[in-house]
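Here's a quick briefing on how two chains meet in one model. Have the structure open while you read.

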Amino acid sequence: MQLAVLMGFLLAASSPLLHRWFGHRTSLVLALFPAGLAAWLLLQAPEIIENGSLLLEWQWVPSLGISLTFLLDGLSLLFGLLITVMGACVLVYAGGYLKDHPDIARFHIALVAFMVSMLGLVLADGLFTLFIFWELTSITSYLLIGFNHADIEARKSARQGLFVTVAGGLALMAGLVLLGIASDSWSLAEILSQEADLREHALYTPMLICLLLGAFTKSAQFPFHFWLPNAMAAPTPVSAYLHSATMVKAGIYLLARLHPELGGTAMWVGILSVVGATTMLTGAFLAIHHTNIKKLLAYSTIMALGTLTMLLGIGTEYAMTAFVTFLLAHSLYKGALFMVAGILDHETGTKDVTQMGGLRSLMPVTAMIALVAALSLAGVPPLFGFIGKELMLESVLGAGSFRMLLVLFAFVASILTIAVAFIIALRPFYGKRHHTPLEPHEAPLSMLVGPALLAVGSLLLGLMPALLGANALLTSAATSVSGETMEVTLSLWYGINVALIMSIISLGVGFLLFKRWDSVRAKLSLLAPIMRHGPEAGYESMMNGIVQFSEWQTRLLQNGYMRNYILVMLITLIALIGNSILLRHSPIFAFDLDVRFHEVVVAGTMAMGALFATTTRSRLGAVVSVGVMGFSIALIFILFSAPDLAITQLLVETLTVILLVLVLFRLPRFSNLSTSLERIRDGVVAAMMGILICLLIMTAWSIQQFEPISTYMIENSAPLAYGRNIVNVILVDYRALDTLGEMFVLALAAIGVIAMLKLRHGENSNGKSGESSKVTTKEPYDG
Amino acid sequence: MVKSGTIILNTAARLLMPLQLLFSVFLLLRGHDEPGGGFIAGLVAAGAFTLYLFAFGVSATKEVLRMVDPRDLIGIGLLLGMISVVPAWFMGQPFLTAQWWTIPVIDFKASTPLIFDIGVYFAVLGSVTGMVMTLMEVDKDEP
């Protein structure tokens, strides 16, 4: 399975090639991949339902507790199936939607990469792996929102989505690390099966807050909901897939996953149910403001995400059943509705529902799909959405705390949702024909298959909830969410109860609201001035603040004068080293001095070189004398039998001199620019630095706190790593990970230097950047 | 301004460059047992190209490098580095565990650390040559 997921990235990368081979049929070929994964997951289903969970072990970096192990239980199975099945539908759909788009290969790369990342996210057992996949979904989502990169709005929305989710990702990382520390394990399976109660742990509160921040930003909970409607700048297949069915549910997934260990406390219940209910109401309320069909759907998605969070907050057995049912129902109808929205946009050329009308005769199949899916959204029997909504209302009625508030919010939200559902299902297809930018006609087959499949799913599961083992799957999922064995039996008819009466009333009121939608909208537009001060305005001003702050500190610290950079760096170093060596520890000198004559000569040469470099008025002379120092260092390495270091030092020194000579030609004529006071200051800083480093070396020489690791490396270099050159063995074997990181640093620095030189072409200051970066590039490797 | 083209430099560069490159490969291959290794070898090779650059200028050096842009070399180096960590996965061992194979006919010990070292070689070579070349290019275009 892990291999299959990792191969997905290869598949994504090879999608341009596939386009050359298969042309328009590429989408279908790519869709085989998620379809195959879905089939594999289905094959595992009986075993998982039987045993509760399945652990596919795969080590990655065991010494750090990082593994690629996959945890398959009811919850991840449900999510995995949603991702793969929806993924196949969306890929087929996108093949029609973006048929003649020149960049469709790029779209496929990002979409497949997203699908694989999302799958990895829900299957990951290790906390680190989960986090990596989490971030990958944020990045691929960014690429997909900004797919039409020529459009400034799309770029802005993509950036906003990225900032909000990645900021949350940082909080999530902190939360996961705290979770790992608190539970002393980096594996979800172990954490979930632990005896110790994390709720009692001292780190519970900070951990929960960090995790919730991560989940809430990802899943667009109030007050972070604003990025999701803006993300509708993405092509519709992306909206259908990422921003309704899968990615935005990642936060929900995380909460559900951790619910057995962290849920149930007063804090959990309070935050989740109130934030969830607020999000639910906000989403539903904001939805009816909009006439853009994608925004309507986006806000109703926010409403659904709020509902799911609220259900997790309520946490009763009923709420767990409602959670999994609502989750499945929502993905089915919302995916279909988004695809219908894409068809409407594609065929009519407008996204504004008020501009459409009477399309039923022209697009009968689309109208049918829209009707089924929207009725499921509204919660009309006998569709699956009805069961989900019924269970949701029932669990709200049974909530332990904040009951009245939740009931009120849920009731109002469901009225508004029903209005939205009617708007989408009826407005474009019935009534008078409007003139639209494009002449509408029925969508091609490839665009109808996906939504039709999902709509049929909504219908069949509503009529027969036990179909294809759906009941067993949901039972298994609910069991993993609640942590206790549960029995889920879904049916359309639970008898006449309060929830049913609420449903019926809300249907009526919702329909009235739909009828009077135009006048309601006119009245609501009066609220616009207040709405402008929402969380999005807060985001904007925060971003502006960050930009202003960084401008200010760039002007202060990075003013383009090399000497200022060096001064700042040295003073910082002096403060830090001085603080720890002089104030926190006292320098110790306990070593015997055994100096040979030739060593004195080399050291003397170095000192002479340094003195000459600082006093000479000739630039070339200074370069040469610095070179003398470098070569003397190489000599020292040779004297102490470190030939590798010596060779490296020699080569680096040679190249540095070459680079300096190249740069010298572009410097202005030598002149005294600094006052004598400034020179004294520089001298003092330099002297302090030198003395401190000297003290540091002497102290380090005197104290041997730990056994030196070099003995281990010398002993094991030949037998374990088959190499006698220890330096090289350390670089490419013992510490290969470090070297790998350094290679990337080197490459980035080189690319940066090249880019700066090319960019600042013609300006005089470009020599400096090359030189300073050279210094940073060689350092990490030698260190 | 760096002037290319004294006779001594030109002749020396033409003779030395192949030798230096050969030497860098030698250093690279023996690096695991004797002084040498990817980083050093990469620097030597970069030195070879830099010498050639000084002698003949940017466009001549580009011709020697033919199709290969130094920036691509950086990419190749990183890619090799990444590839070398993968085989351990398939052997069911932790990430980055070294794998050793002996190529029978020439009795040469191939290994993932060697692939990794070659990656380091290319990354270093590409970085340094790229930087020097760009510096000289910018230099040339300026009045």
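This is a predicted model: local features need pLDDT of at least 70, side-chain atom pairs count only at pLDDT 80 or more; totals for chains, interfaces and linings use all residues.

**Which parts of chain B touch chain A**
- Four helices of chain B each put at least two residues into the side that touches chain A: helix 2 (38-56), helix 4 (70-83), helix 5 (87-90) and helix 6 (112-141).
- Helix 6 of chain B gives the largest share of that side, at 19 residues.
- Sorted by class, the side of chain B that touches chain A comes out as 30 nonpolar, twelve polar and nine charged residues.

- Folks often put the size of an interface as the accessible area lost when the parts come together.
- For chain B and chain A, the buried area is about 4,700 Å², and carbon and sulfur atoms give 75% of it.
- On the chain B side, B:Trp89, B:Met131 and B:Leu135 lose the most area to chain A, together making up 15% of what that side buries.
- By residue count, the contact takes 52 residues from chain A and 51 residues from chain B.

**An annotated stretch of chain A**
- An unreviewed UniProt entry annotates residues 60-107 of chain A as "domain: NADH-Ubiquinone oxidoreductase (complex I) chain 5 N-terminal".
- In the model, residues 60-107 of chain A are 58% helix and 17% strand, and the end C-alpha atoms of the span sit 30 Å apart.

Notes:
Residues are numbered from 1 along each chain as its sequence is written. Chains are lettered from A and ligands numbered from 1 in the order in which they are written. Side-chain values use heavy atoms; hydrogens and water are left out. Contact means heavy atoms within 4.5 Å. Buried area is the accessible area (1.4 Å probe) that two parts lose on being put together, summed over both. Ala, Val, Leu, Ile, Met, Phe, Trp, Tyr, Cys and Pro count as nonpolar, Asp, Glu, Lys and Arg as charged, and the others, Gly among them, as polar. UniProt positions are given in the numbering used here, feature names are shortened, and annotations may be inferred rather than shown by experiment.
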